[in-house]
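Please look over the sequence and the model below before reading on.

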Amino acid sequence: MANLRDIKNRIKSVKSTGKITQAMKMVAAAKVKKAENAAKESRPYEKFLVKIFSELAKVYGEIQFDKGQYKTALENYPALLEKRNVKNVGLLVLTSDKGLAGAYNTNIVKETLQTIQNYKNAGIGVKLFIVGLKGIASLKRIFSQDEETQIVKNYAKIPPLVEVEVAKMMAEDLAQAYVNQQIDEIEVIFTEFKSMLSYKVSKFQLLPLVIPNKSGVGINPEMIFEPSQEEVLKKLVPLYLANTVYTALKEASASELAARMNAMSNATKNAEEMAKNLSIVYNKARQYNITQEILEVVSGANAIS
């Protein structure tokens, strides 16, 4: 029978762990609601940008681009709208800085590895832009010696409530690599927030900009662009790119916090169940020891008499 002191220490350790996981669950629950609201609030604005861009896309071929000098790569909208033969693809992979979120990071890394393998099979090189310490650690370990897959840039310690400036910085890095023709296409791998209990690992093409709706001819007569379609496009492309990255970051943040809250909830329940089972084992061991002591006393008394 197990030693009573060892079982008692184990029960104490499990209960202590349960308190920690319960506290982490409460912290995640306090943050996830704000992150969820932020993700949901950004969706109407994103849809509106897509609508405007769709209308401009209908006359895309008629616009005379100004191929002048641009201060930033994000402003170089003619280059960002240009499609090329794909030799190298850039992947922006959104993971988390912290663990203890169940299979959250594992699922993202699996999707990334599958995507990379598909491109390798097609003879296309891959360059990685990784967000989150967990993704950085996993993918660096796998691709540190891989010449076909290069890790271009890492982003770590992104706050849960993402600021738009962070998204602009990432969008500028991606645009710079595209404009310089280091990569010919960019995809984003992220988690789409569904509810407190579910999220979905998704991906979409960021560059070259996908024309959402190219059907129809001419601009919707209800929508007039001033001073011109070109001027609107010049402002819209950087805004569209930065906001798309911003929305993906917020979706990923909400998904991560929801995954952590659920993981810590399950861990707390498991700790409670384990403590209960160990208490039963402890009581059985204690009862066994008491019975043994009684038998020894009775045996000693019988021997004397």
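**Helix packing and cores**

Val164, Ala167, Lys168, Met170 and Ala171 in α5 meet Leu241, Ala242, Val245, Tyr246 and Leu249 in α6, where contact means heavy atoms within 4.5 Å, and helices (H or I, at least four residues) and strands (E, at least two) are DSSP runs numbered from the N terminus. The residues of this contact of α5 with α6 divide into nine nonpolar, no polar and one charged, with Ala, Val, Leu, Ile, Met, Phe, Trp, Tyr, Cys and Pro counted as nonpolar, Asp, Glu, Lys and Arg as charged, and the others, Gly among them, as polar. This is a predicted model, in which local features need pLDDT of at least 70 and side-chain atom pairs count only at pLDDT 80 or more, while totals for chains, interfaces and linings use all residues. Residues are numbered from 1 along each chain as its sequence is written, and side-chain values use heavy atoms, with hydrogens and water left out.

- The axes of α5 (residues 164-179) and α6 (residues 229-304) come within 8 Å and cross at roughly 120°, the axes being lines fitted to C-alpha atoms over the stretch in contact and the angles running from 0 to 180 degrees between N-to-C directions.
- That angle makes α5 oblique to α6, since angles under 35 degrees count as roughly parallel, over 145 as roughly antiparallel, 65 to 115 as roughly perpendicular and the rest as oblique.
- The axes of α3 (residues 104-121) and α4 (residues 133-143) come within 10 Å and cross at roughly 40°, and α3 and α4 are therefore oblique to each other.
- Asn105, Val109, Thr112, Leu113, Ile116 and Lys120 in α3 meet Lys134, Ser138, Leu139, Ile142 and Phe143 in α4, a contact that has six nonpolar, three polar and two charged residues.

**Nonpolar cores**

- In the largest nonpolar core, which has 60 residues, Leu91, Leu94 and Leu128 touch the most other members; such a core is a set of buried Ala, Val, Leu, Ile, Met, Phe, Trp, Tyr and Cys residues joined through side-chain atoms within 4.5 Å.
- The largest share of this core, 13 residues, comes from α6.
- Beyond its neighbours within four places in sequence, Leu94 is in contact with residues including Tyr104, Val188, Phe190 and Leu249.

**Overall make-up**

- The protein has six helices and five strands, and from the N terminus on its elements run α-α-β-α-β-α-β-α-β-β-α.
- Of its 305 residues, 42% count as buried, that is, under 20% relative accessible area with a 1.4 Å probe and protein chains only.

Key. Buried means under 20% relative accessible area, exposed over 50%, partly exposed in between (1.4 Å probe, protein chains only).
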